[in-house]
Amino acid sequence: MLQKPRAAILAQLARSRWIATDLPANPAAAVDPEIEVMTDSILQGHRYSLSKAITLVESVLPAHRDKSTKLLTHVLDRRNQLLKQRMAVALKPHASVSGSTVADRHPASTKSLRVGISGPPGVGKSTFIEAFGGLLTSRGHKVAVLSIDPSSHRTGGSILGDKTRMERLSVDPNAYVRPSPSRCTLGGVAQATSEAVILCEAAGFDIILVETVGVGQSEVTVSEMVDMLLLLVTPAGGDELQGIKKGIVELADLVVVNKADGELLSTARHTKIEYMHALHLLPHSIGKWRPQVLMCSSIDADQSSLIKLWDTICDFERFNAVRSLSLSALDLLFFSCQHVWEFWNLYLL
Ligand SMILES: Nc1nc2c(ncn2[C@@H]2O[C@H](COP(=O)(O)OP(=O)(O)OP(=O)(O)O)[C@@H](O)[C@H]2O)c(=O)[nH]1
Ligand SMILES: [Mg+2]
């Protein structure tokens, strides 16, 4: 069970960023010098403090739970202040582009994109993240990689495997790779991962990649904490498609047929068409993003498929930005109509 303040923090921050400014201030957290120092260090992007903080939120010791709740609250408070300052600067007429305030230059005052990467074991998630993460850091992004693998306590080899498959990203100064927490339950792992996401954002990582093994329930959990869910599938015939749970495909914003290279390229093309047909049969709400199917190779040197994938992710972001703007405008219109109607009822009828 989540403790109440912790649950409140997570509920508010599961998807949003700076909206959680109304969180009740926690004076205890503000006066704890250790929390203060740690928060400062995280906000300045120091990865040692970030790792220490993630270890703290992963801990199940009661004393650590209390401390990590204080830390999360304080980190959120401070980050929200920085974001507010940044917004204020941006809204000022003739705001300077170079940025003169602390918030303007602060790594924690940028908006982040959370992408969940899921798929069956062996589909190539880690290899994909290594290649895709490298592409993003080369374009000036700061990328954090977190993984949810509730099976790792059984197999025991997954943590080492991921580290060796993300060799370059692990030593990239603009990337941060965090192996799976070793808790046994999916709920426990997911909670620690949500909190780790918050801490990585505070440390200035603007793209958070959350890797999960395709075991069904973990996709549902991950899809609730990310902006976009990417489902990696292997180039295989219809049998494979039958085997993948319908629910997982329904959750995906992008289906990516991985390993589309060499001898597998033509199979990948067929698989792509099969998934396009399958997605076409799923119900689709008007005004919502229609999931797309792409092919990709994580080992191709030219990276063109990864670049196309990134462009599609950007399209998705733009689509959702426009959608939320239109929804806000509709809300406003509805609100005004309601008031006109009340006024009409009260005074004119
Ligand atoms: N040809 C080809 N092979 C790939 C590609 N991506 C990954 N592989 C290979 O697929 C195998 C599995 O890759 P991983 O990245 O470990 O897969 P994973 O999904 O992370 O595996 P788990 O973490 O164990 O679930 C490795 O042998 C990779 O070399 C690709 O784009 N093309
Ligand atoms: Mg992996």
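# Close-up views of a predicted model

Of the 349 residues of the protein chain, 38% count as buried. The model shown is predicted. The chain has 16 helices and seven strands. Take its contacts between residues at least 6 apart in sequence: 74% of them join residues at least 24 apart.

**View 1. The largest nonpolar core holds 67 residues.** Val-145, Leu-199 and Cys-200 have the most contacts inside this core. Helix H11, residues 186-202, gives the most to the core, with seven residues. Two domains also take part: domain 1 (4-105) and domain 2 (112-323) each supply at least three residues. In soluble globular proteins, nonpolar side chains tend to be buried together.

**View 2. Cys-200 and its contacts from elsewhere in the sequence.** Neighbours within four places in sequence are left aside here. The remaining contacts of Cys-200 are Leu-50, Ala-144, Tyr-176, Phe-205 and Ile-208. Cys-200 is also one of the residues with the most contacts inside the largest nonpolar core.

**View 3. Helix H3, residues 33-43, has a buried face.** Which residues of H3 are buried? They are Ile-35, Met-38, Thr-39, Ile-42 and Leu-43. Seen down the axis of H3, these buried residues fall within an arc of 130°, so they line one face of the helix. Pro-33, Glu-34 and Val-37 lie on the other side of H3 and are exposed. Just after H3 comes Gly-45, with a positive phi of about 85°.

**View 4. Strand S5, residues 228-233, is largely enclosed by the rest of the structure.** Five of the six residues of S5 are buried, which is why the strand counts as largely enclosed. S5 pairs with strand S1 (residues 113-119) in the parallel sense, over four bridges. Across this pairing, Ile-117 stands opposite Leu-230 in S5. S5 also pairs with strand S6 (residues 254-257), again in the parallel sense and over four bridges. Here Leu-232 has Val-256 in S6 as its bridge partner.

**View 5. Strand S7, residues 292-295, has side chains that alternate.** Val-293 and Met-295 point to one face and are buried. S7 runs parallel to S6, and four bridges join the two strands. Met-295 in S7 is the bridge partner of Val-257.

**View 6. Helix H15, residues 265-281, spans close to its expected length.** H15 has 17 residues. From its first C-alpha to its last, the helix reaches 25 Å, close to the 24 Å expected at 1.5 Å a residue. Ala-268, Thr-271 and Tyr-275 are buried in H15. These three cover an arc of only 60° around the axis, which puts them on the same side of H15. On the other side, Ser-266, Ile-273, His-277, His-280 and Leu-281 are exposed.

**View 7. His-280, in helix H15.** Is His-280 buried or exposed? His-280 counts as exposed because it has 11 C-beta neighbours inside 10 Å, and a residue is exposed at 12 or fewer. Arg-290 is 10 residues away from His-280 along the chain. The C-alpha atoms of His-280 and Arg-290 are separated by 9.2 Å.

**View 8. Lys-259, a residue with a positive phi.** Most residues other than glycine have a negative phi, and most peptide bonds are trans. Lys-259 is not a glycine, yet its phi is positive, at about 60°. Where is Lys-259 placed? It sits in the loop between S6 and H15. Lys-259 has 25 other C-beta atoms within 10 Å. It is therefore buried, as 20 or more are needed for that.

**View 9. Gln-303, in the loop between S7 and helix H16.** Helix H16 covers residues 304-348. Gln-303 has a positive phi of about 60°, although it is not a glycine. How many C-beta neighbours does Gln-303 have inside 10 Å? There are 19, so Gln-303 counts as partly exposed.

Terms used. Residues numbered from 1 in each chain as written. Chains lettered and ligands numbered in written order. Predicted model: local features only at pLDDT ≥ 70, side-chain atom pairs only at ≥ 80, totals over all residues. Core = buried A, V, L, I, M, F, W, Y, C linked by C-beta atoms within 7 Å. Domains from an automatic or database assignment. Contact = placed C-beta atoms within 7 Å. Expected span 1.5 Å × (residues − 1). Arc of directions from axis to C-beta. Pairing = 2+ DSSP bridges.
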